[in-house]
Amino acid sequence: MSKIKKIMNEDKLVKKAVDVGLQMAKLQGFDLPHSTQAIKIKAVYLFLVEVNQITPLPENKADGPNIKKRLALWMHNALPDDDPLK
């Protein structure tokens with residue numbers, strides 16, 4: 001059983017990561033789907049992996065909670081130290 005440590009403000013960090021990822025994709029000419037939140041999260045994750053912003057998860061660990069955690073960590077590391085989400 002794997003232990004996934006909870007990040008403070010993880011949900012808010014994931015939401016911000018999705019917003020930033022969608023903006024990055026749009027600036028680079030990609031049109032990611034804007035349907036359900038789960039599809040947006042997966043699309044942003046795949047986009048960020050493709051542009052080498054984040055390291056891909058192993059195939060057997062690429063599920064919803066692990067993708068959200070990876071996006072939250074990416075956003076947490078990208079934010080300045082004085083940001084309220086940190």
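Tutor: Contact here means heavy atoms within 4.5 Å. This is a predicted model, in which local features need pLDDT of at least 70 and side-chain atom pairs count only at pLDDT 80 or more, while totals for chains, interfaces and linings use all residues. Residues are numbered from 1 along each chain as its sequence is written, and side-chain values use heavy atoms, with hydrogens and water left out.

Leaving aside neighbours within four places in sequence, Glu 10 is in contact with Lys 68, Lys 69 and Ala 72. Glu 10 itself lies in helix H1, residues 10-27, where helices (H or I, at least four residues) and strands (E, at least two) are DSSP runs numbered from the N terminus. Glu 10 counts as buried because its relative accessibility is 10%; buried means under 20% relative accessible area, exposed over 50%, and partly exposed in between, with a 1.4 Å probe and protein chains only.

Helix H3 covers residues 64-78, and its 15 residues should span 21 Å at 1.5 Å a residue, which agrees with the 21 Å between its end C-alpha atoms; the expected span is 1.5 Å times one less than the number of residues. In H3, the residues Asn 66, Ile 67, Lys 69, Leu 71, Ala 72, Trp 74 and Met 75 are buried, and the buried residues of this helix pack against H1 and against helix H2, 37-50. Lys 69 and Ala 72, both buried in H3, are also among the contacts of Glu 10.

Between H2 and H3 runs a loop that holds Val 51, a residue that is partly exposed, with a relative accessible area of 24%. The C-alpha atom of Val 51 is separated by 15 Å from that of Ala 78, which is 27 residues away along the chain.

As for the chain as a whole, it has three helices and zero strands, and its radius of gyration, taken over C-alpha atoms, is 13 Å, close to the 12 Å from the globule rule (2.2 Å times the number of residues to the power 0.38) for 86 residues, so the chain is as compact as a globular protein of that length. Buried residues make up 35% of the 86 residues, and of the contacts with a separation of 6 or more, 51% are between residues 24 or more positions apart.
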